[in-house]
Amino acid sequence: AASDVYKRQLLVLQDISHPLITKLKQIDESTKNDYYHTLKSYICNFGDSHKTIEQLAIHRNTLLYRLEKIKELTNVDLHDEKLCTLLLISFFLAENN
């Protein structure tokens, strides 16, 4: 069936998911922060901080602080378009697993 093909394709694509997704989930579990959802919202809003702030119902400074902490903890460049595209795909795959 078509849904089985779709599920198999998702399993194959999970191999290309960025390890940052798992790392942020682990950090959040141990520190009770919300870096995973913050980055997910930011990436899924294509880096639009206004939409991200609205979606998460947080202050601008909170968003900037969290993004800076994510950069420090993971050593990622959120201005890298290829990385952000891969993260967008990875978040999609994580939600559809």
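# Reading the helices and core of a predicted model

Me: How many residues does α2 have, and how far does α2 reach?

Reply: To read a helix's length, compare its end-to-end reach with the span expected at 1.5 Å a residue. For α2, with 13 residues, the distance from first C-alpha to last is 18 Å, close to the expected 18 Å.

Me: Which residues of α2 are buried, and which exposed residues are on the face turned away from them?

Reply: Buried in α2 are L20, I21, L24, I27 and D28. Viewed down the helix axis, the buried residues of α2 fall within an arc of 130°, so they line one face. The face turned away from that buried side carries P19, E29 and S30, which are exposed.

Me: What covers the buried residues of α2?

Reply: The cover includes α3, α5 and α6.

Me: Where do nonpolar side chains tend to be in soluble globular proteins?

Reply: They tend to be buried together. Here, the largest nonpolar core has 20 residues. Those with the most contacts inside this core are L24, L39, I43, L67, L78, L87 and F91. At least two core residues come from each of α2 (19-31), α3 (35-44), α5 (60-74) and α6 (81-95). The helix that gives the most is α3, with 5 residues.

Me: Which residues does L87 touch, leaving out those up to four places away in sequence?

Reply: On that count, L87 touches H18, L20, I21, L39, I43 and L78.

Me: What can be said of the length of α6?

Reply: The same length check applies to α6. Its 15 residues should span 21 Å at 1.5 Å a residue, and its end C-alpha atoms are 21 Å apart, which agrees. The buried residues in α6 are L83, C84, L87, S90, F91 and L93.

Me: Which residue caps the N-terminal end of α6?

Reply: To read a cap here, look for a side-chain oxygen and a backbone nitrogen. D80 is the cap: a side-chain oxygen of D80 lies 3.0 Å from the backbone nitrogen of K82.

Me: How many aromatic pairs does a search of the whole structure find?

Reply: The search finds 1. Y36 and F91 form this pair, which is edge-to-face, with 5.3 Å centre to centre and 70° between the planes. Y36 belongs to helix α3 and F91 to helix α6, so the pair ties together parts 55 residues apart in sequence.

Me: Are Y36 and F91 buried or exposed?

Reply: Both Y36 and F91 are buried.

Conventions:
Residues are numbered from 1 along each chain as its sequence is written. This is a predicted model: local features need pLDDT of at least 70, side-chain atom pairs count only at pLDDT 80 or more; totals for chains, interfaces and linings use all residues. Side-chain values use heavy atoms; hydrogens and water are left out. A nonpolar core is a set of buried Ala, Val, Leu, Ile, Met, Phe, Trp, Tyr and Cys residues joined through side-chain atoms within 4.5 Å. Buried means under 20% relative accessible area, exposed over 50%, partly exposed in between (1.4 Å probe, protein chains only). Helices (H or I, at least four residues) and strands (E, at least two) are DSSP runs, numbered from the N terminus. Contact means heavy atoms within 4.5 Å. The expected span of a helix is 1.5 Å times one less than its number of residues. A polar contact is a pair of N or O atoms within 3.5 Å; within protein, one must be able to donate a hydrogen and the other to accept it, and residues adjacent in sequence count only if both atoms are side-chain atoms. The arc is that of the directions from the helix axis to the C-beta atoms. Rings of Phe, Tyr and Trp (its six-membered ring) pair if their centres lie within 6.5 Å; planes under 30 degrees apart count as stacked, over 60 as edge-to-face and the rest as tilted.
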